[in-house]
Amino acid sequence: MAKAFNKKESKRITCHKKYKIRRKVREHNKKLAKTLKNSVNKRKKIDGNIPNMAPFKEEILLEAIQQAETTKEEKKLKKKTAMVVTKHAVVPKLISSTKSTSCHVVISNADLLLWVLDSRNVAECLSEVVMDQVKGAEKKFIFVLNKIDLVPAKFLKIWYAKLSKIAPTFPVKSTEIMRTECELIIPAFKQKFARFGGFKCLLSHLNQESEAVKVGVIGGASVGKSCVVSSILKFCGRTKAKRSNEAKISDKVKLLTTPGLISAPANSTSEMVGPLHVLSNMSKYMNYPVEVAEALARVVTRDHAMVHFTLPLYEHPSQFLDTLAIRYNTLLRGKPDHEAAARTILKLLRDGKLRFHVATTGEAGEFPDEIEKGVKQFLYSGSSLPLLSSELSMKIVKAVKKKRDESDMEGVESGNDEDDGDEASFEDEDSDGAEYSDCDME
């Protein structure tokens, strides 16, 4: 049997001591890393390894510093390119931007003008002031009937016959059609669901010019000016230049990529507003839906309203909003909610679910064979809501919140006094009742 004093000590330690050692080691390593990080000698700037005994050392160092400064300035200039503004007394220059500029600037810079018109309301897109300015400047112009897929072909041909007497007219479809995944996969639908059409005849007409021509695009708000520009460039296989406002379409033709906006005349009354103006400023008119719906009811016949909104027989136009509220089940405390019903009409117009056009009278002309081929697949054969007038007469009164004045406070105080009087009367009645009860007891 081994003796007890020869027994070796156990290497086991308590968990408390083990974890304490680990913590101390961790803290020590962390402290070492921190001291090493702070004590690292940073590289000092070397004077190009030029010895002190070298002649003209100071001049060489100054040249090196100047070169470093110039390189820094060049890098800054590359990041932020400086705009050089040149002033011209005669002709104002176009600003390179995606937004449209004033139509007067485009008229002065262009030799030939493409006047874009919305087929739904052509009368609203035309302007006598701009027409006089174009004729006074002796500039050629061409009418471009855009959005032909939203108007019945019958009314489109009437407008084509009227406008072709004034200037060359070309019907065009420039907006993009939303296509499903199946239509994108199947190649047979590629031609049927083309994004734009009718530009082949327009470009062939532009190429017939004998001299070099600058073409500008003008039109009203939200008629599709930028869509027409992008469609022409896509058809020619060109893209918009970032720094210039011109794109070369052919050897003779250059297109000004910044369209000109024909703004509404300043002397026009606010009560007469076109439907296209309402569409372009929908966020504003959403606050006054009842006024817009009532103005629309005055311009629409009862039969057409009953067909397009599926309404029963009613008195037009006084009961239009009542029947519409019942039709769409927009009731407020058991009564028709006119505001909610009118807002549904504005939403249908905004989303493009309610088609409309301004009705016109006249003989319908026929498209030439070349135009018919390029436009045939886009012509709309269905029905849309006809408007009797190109303007809506509405009077918008802005609601003003009433402030709590002293008069209101007096009214509140008088109301409190009346309540006090009522309480006093109730007390008198109770006191009388108490007297009668005492008499009964006696």
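This is a brief walk through one protein chain, from its overall makeup to a few local features. Keep in mind that the model is predicted.

Overall makeup first. The protein chain has 17 helices and 14 strands. It runs to 442 residues, and 32% of them are buried. Now the contacts. Take those between residues at least 6 apart in sequence: 73% of them join residues at least 24 apart. The accessible surface is about 31500 Å². Carbon and sulfur atoms account for 54% of that surface.

Which residues form the positive one? Lys72, Lys75, Lys76, Lys78 and Lys79. Lys72 sits in helix H2, which spans residues 57-79. How accessible is Lys72? Its relative accessible area is 58%, so Lys72 counts as exposed.

The other patch is nonpolar. Ile13, Ile21 and Val25 make it, and it covers about 250 Å². Ile13 lies in the segment before helix H1, residues 15-39. Ile13 is partly exposed, because its relative accessibility is 45%.

Let's move to helix H14, residues 320-327. Which of its residues are buried? Phe320, Leu321, Thr323, Leu324 and Ala325 are. What do they pack against? After H14 comes Asn329, with a positive phi near 60 degrees.

Now step back to the loop between H13 and H14. Two backbone features are found there. Thr310 is in this loop. Thr310 is not a glycine, yet its phi is positive, about 50 degrees. With 46% relative accessibility, Thr310 is partly exposed. Pro317 is in this loop too, between H13 and H14. Look at the peptide bond from His316 to Pro317: cis or trans? That bond is cis, with omega near 0 degrees.

One more backbone point, elsewhere in the chain. Where is Glu138? In the loop between helix H5 (128-136) and strand S3 (140-146). Glu138 is a residue other than glycine with a positive phi, near 55 degrees. Buried or exposed? Glu138 is exposed, since its relative accessible area is 72%.

To recap, briefly. There is a lysine patch that includes Lys72, and a nonpolar patch that includes Ile13. Positive phi values turn up at Asn329, Thr310 and Glu138. And the His316 to Pro317 peptide bond is cis.

Definitions and conventions:
Residues are numbered from 1 along each chain as its sequence is written. This is a predicted model: local features need pLDDT of at least 70, side-chain atom pairs count only at pLDDT 80 or more; totals for chains, interfaces and linings use all residues. Side-chain values use heavy atoms; hydrogens and water are left out. Patches are made of residues with over 30% relative accessible area and no salt bridge: like charges are joined within 9 Å, nonpolar side chains (Val, Leu, Ile, Met, Phe, Trp, Tyr) within 5 Å. Accessible areas come from the Shrake-Rupley method with a 1.4 Å probe; for residues, only the protein chains shown count as cover. A salt bridge is a side-chain nitrogen of Lys or Arg within 4 Å of a carboxyl oxygen of Asp or Glu. Lys and Arg count as positive and Asp and Glu as negative; His and the chain ends are not counted. The place of a charge is taken as NZ of Lys, CZ of Arg, CG of Asp or CD of Glu. Helices (H or I, at least four residues) and strands (E, at least two) are DSSP runs, numbered from the N terminus. Buried means under 20% relative accessible area, exposed over 50%, partly exposed in between (1.4 Å probe, protein chains only). Contact means heavy atoms within 4.5 Å.
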